[in-house]
Amino acid sequence: MAQSVPKILITGATGLLGVPLAKHLASQGASVIRHGRNVRADANWDLENTAETSRQLDGLKPDVIINLVAVTDVEACDKDPQKAYLGNGKTVENLAAWIGA
């Protein structure tokens, strides 16, 4: 019986952790979809947008989602709590809502 190839969505895939992880998973035979904010990404919609995230995930239907998106600059988070919430909270909320749907 043939094994199915998992479809893995990596958000933040063009960042410091995402690049080597995406390469490794692809080298192991996974079908990797790289989400990011630049041209190296396969997908780049706004993860903070609930409706768009749901629509995109409905189309992609990933088997696994690895979320590496984060606002990691503590000073920037202190200066702009809304940006911190959107980048660190809302994105996760949107991904989790789709998983739970």
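Me: How many bridges join S1 to S2?

Reply: 5 bridges join S1 to S2, and the two run parallel. Strands count as paired if DSSP finds at least two bridges between them, so S1 and S2 are a pair. One of the facing positions is Thr11, whose bridge partner in S2 is His35. This is a predicted model, in which local features need pLDDT of at least 70 and side-chain atom pairs pLDDT 80 or more, while totals for chains, interfaces and linings use all residues. Residues are numbered from 1 along each chain as its sequence is written, and side-chain values use heavy atoms, with hydrogens and water left out.

Me: What makes S1 and S3 a pair?

Reply: Strand S1 (residues 7-11) is joined to S3 by 4 bridges, and the two run parallel. Ile10 stands opposite Ile66 in S3.

Me: Why are S2 and S3 called edge strands?

Reply: The open sheet has the order S2-S1-S3, with parallel pairing. Strand S2 (31-35) and strand S3 (64-67) each pair on one side only, and are therefore its edges. From one strand to the next the twist averages 20°; angles run from 0 to 180 degrees between N-to-C directions, along axes fitted to C-alpha atoms, for helices over the stretch in contact.

Me: How do you know that S1 is largely enclosed?

Reply: A residue is buried under 20% relative accessible area, exposed over 50% and partly exposed in between (1.4 Å probe, protein chains only). In S1, 4 of the 5 residues are buried, so the rest of the structure largely encloses this strand. Across the 101 residues of the protein chain, 31% count as buried.

Me: What pattern does the protein chain follow along the sequence?

Reply: The pattern is β-α-β-α-β-α-α, which comes to 4 helices and 3 strands. These are DSSP runs numbered from the N terminus: helices are H or I with at least four residues, strands E with at least two.

Me: What makes Arg34 and Asp42 a salt bridge?

Reply: The term requires a side-chain nitrogen of Lys or Arg within 4 Å of a carboxyl oxygen of Asp or Glu. Arg34 and Asp42 meet at 3.1 Å, N to O, so the pair qualifies. Arg34 is partly exposed at 29%, and Asp42 is also partly exposed, at 46%.

Me: Which other pairs are called salt bridges?

Reply: The whole structure has 3 salt bridges. In one of them, the closest N and O atoms of Glu52 and Arg55 are 3.0 Å apart. Glu52 and Arg55 are 3 residues apart in helix H2 (residues 50-60), and are therefore separated by about one helical turn. Glu52 has 21% relative accessibility and is partly exposed, whereas Arg55 has 51% and is exposed. Glu93 and Lys90 also form a salt bridge, with 3.0 Å between their closest N and O atoms. Both lie in helix H4, 3 residues apart, about one turn.

Me: How do you know that the span of H4 agrees with its number of residues?

Reply: The expected span is 1.5 Å times one less than the number of residues. For the 20 residues of H4 this should be 28 Å, and the end C-alpha atoms are 27 Å apart, which agrees. H4 bends by about 35° at Gly89; the bend is the angle between axes fitted to the seven residues ending at a residue and the seven starting there.

Me: What covers the buried residues of H4?

Reply: The cover includes S1, H2, S3 and helix H3 (74-79). Among the buried residues of H4 are Ala84, Gly87, Leu95 and Trp98. Helix H4 (residues 81-100) lies across S1 and S3, running at about 170° to S3.

Me: What makes Leu86 partly exposed?

Reply: Leu86, in helix H4, has 24% relative accessibility. That value lies between 20% and 50%, so Leu86 is partly exposed. Leaving aside residues up to four places away in sequence, Leu86 touches Glu48 and Thr91, where contact means heavy atoms within 4.5 Å.
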